[in-house]
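Trainee: Could we go through this model together? I would like to ask about it piece by piece.

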Amino acid sequence: MARMKFICDTERCIECNGCVTACKNDNEVPWGVNRRRVVTVNDGIIGQEKSISVACMHCSDAPCMAVCPVDCFYRTDEGVVLHDKDICIGCGYCSLACPFGAPQFLSQGAFGTRSKMDKCTFCSGGPEENGSVAEFEKYGRNRLAEGKLPLCAEMCSTKALIGGDSDVISGIFNQRVTNREKNGKYPGSKPFGWTTAYGGPDAPAPTPTPAAKIPGAN
Amino acid sequence: MKFNFKTLGLCFAAAALLVACSEPPEIAPKAAKRPDVAPYMGANNGFMTKGWAPGNQTSWTESIDKRNQGQNENSRVK
């Protein structure tokens with residue numbers, strides 16, 4: 001088993017928000033908290049409008065884990081980044097550190113009192129008994145322990161959002177890009193950057209570009 | 001006799017002041033991370049899929065990989 005990852009295919013996402021709805025409903029996420037959301041760029045420009053479904057990317061070197069002052073985060077053997085809500089103090093540092101805006105806080109009242117952090121768990125619950133009521137109430141469903149994959153990915157109607165073992169989903173995405181290129185869409189394109197972004201079992205560490213080769217960099 | 005009372009009073013005062021030095025620290029113990037149970041151990045509810053044995057990592061991995069391929073319509077339609 002490699003690492004669990006999501007990938008969203010912008011060529012397929014139709015901004016239906018089905019993934020967002022499925023996540024909120026299945027995990028009973030409270031009003032005001034969105035573990036997943038769909039972001040659209042170039043809105044209204046024909047041929048250039050693209051949408052992507054974003055949630056926690058379960059980073060291999062997660063900045064939220066690095067900045068947490070109470071060290072409430074942990075990574076499972078499947079590569080899923082989770083946190084313990086009994087330790088979280090709701091400070092919000094993780095929210096500032098995350099480049100995807102994944103950590104969410106329930107904000108209530110005139111002074112914006114903040115709850116403990118809530119985020120996508122890759123439908124794998126938290127540090128409570130698998131499938132228990134306590135786990136569901138704090139973290140939502142534990143579909144991995146039920147032998148399933150995250151609902152957002154499994155119910156995606158266009159299969160734009162796929163999630164699971166990074167080796168398998170990278171293979172699926174690779175096949176799509178190859179087919180598109182073969183059928184004349186985006187000729188010459190390759191599924192570049194995958195190993196840099198997600199790594200692989202034998203992928204070498206990416207070599208940083210020297211500053212001298214970057215225009216304008218010191 | 002009067003001198004003795006004074007000494008006794010001073011002793012009490014000194015003892016009362018020293019009580020503060022014996023107070024236990026009021027720092028909460030650091031919350032310890034609890035170990036999480038691996039997903040291949042199964043869930044304690046009625047929503048588990050069939051075809052794999054809880055506690056058997058290999059069968060869980062095979063089951064998840066099979067389900068993973070369900071997201072690939074290129075293999076599903078053939």
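Trainee: Which residue in β8(A) is the bridge partner of Cys8(A)?

Mentor: Good place to begin, and a word on the model comes before the answer. This is a predicted model, in which local features need pLDDT of at least 70 and side-chain atom pairs count only at pLDDT 80 or more, while totals for chains, interfaces and linings use all residues. Residues are numbered from 1 along each chain as its sequence is written, with chains lettered from A and ligands numbered from 1 in the order in which they are written. β1(A) and β8(A) pair in the antiparallel sense over five bridges (strands pair if DSSP finds at least two bridges between them; strands are DSSP runs of E, at least two residues, and helices runs of H or I, at least four, numbered from the N terminus), and the partner of Cys8(A) in β8(A) is Leu161(A).

Trainee: Which elements of chain A do the buried residues of α2(B) pack against?

Mentor: In α2(B), Trp60(B), Ile64(B) and Asn68(B) are buried. They cover an arc of only 75 degrees around the axis (taken from the directions from the helix axis to the C-beta atoms), which puts them on the same side of α2(B). The elements of chain A that they pack against are β8 and α6.

Trainee: How many residues does α6(A) give to the side of chain A that touches chain B?

Mentor: The contact takes 31 residues from chain A and 28 residues from chain B, where contact means C-beta atoms, placed from the backbone, within 7 Å. β8 (161-165) and α6 (166-182) of chain A each give two or more residues to that side. The largest share comes from α6(A), and it is four residues.

Trainee: Is Cys120(A) buried or exposed?

Mentor: Cys120(A) sits in the loop between β7 (113-114) and α4 (133-139) of chain A. Arg35(A) and Cys56(A) are among the residues it touches, not counting those up to four places away in sequence. Because Cys120(A) has 28 C-beta neighbours inside 10 Å, it counts as buried.

Note on methods. Two residues are in contact if their C-beta atoms, placed from the backbone, lie within 7 Å. A residue is buried if 20 or more other C-beta atoms lie within 10 Å of its own, exposed if 12 or fewer, and partly exposed in between; C-beta atoms are placed from the backbone.
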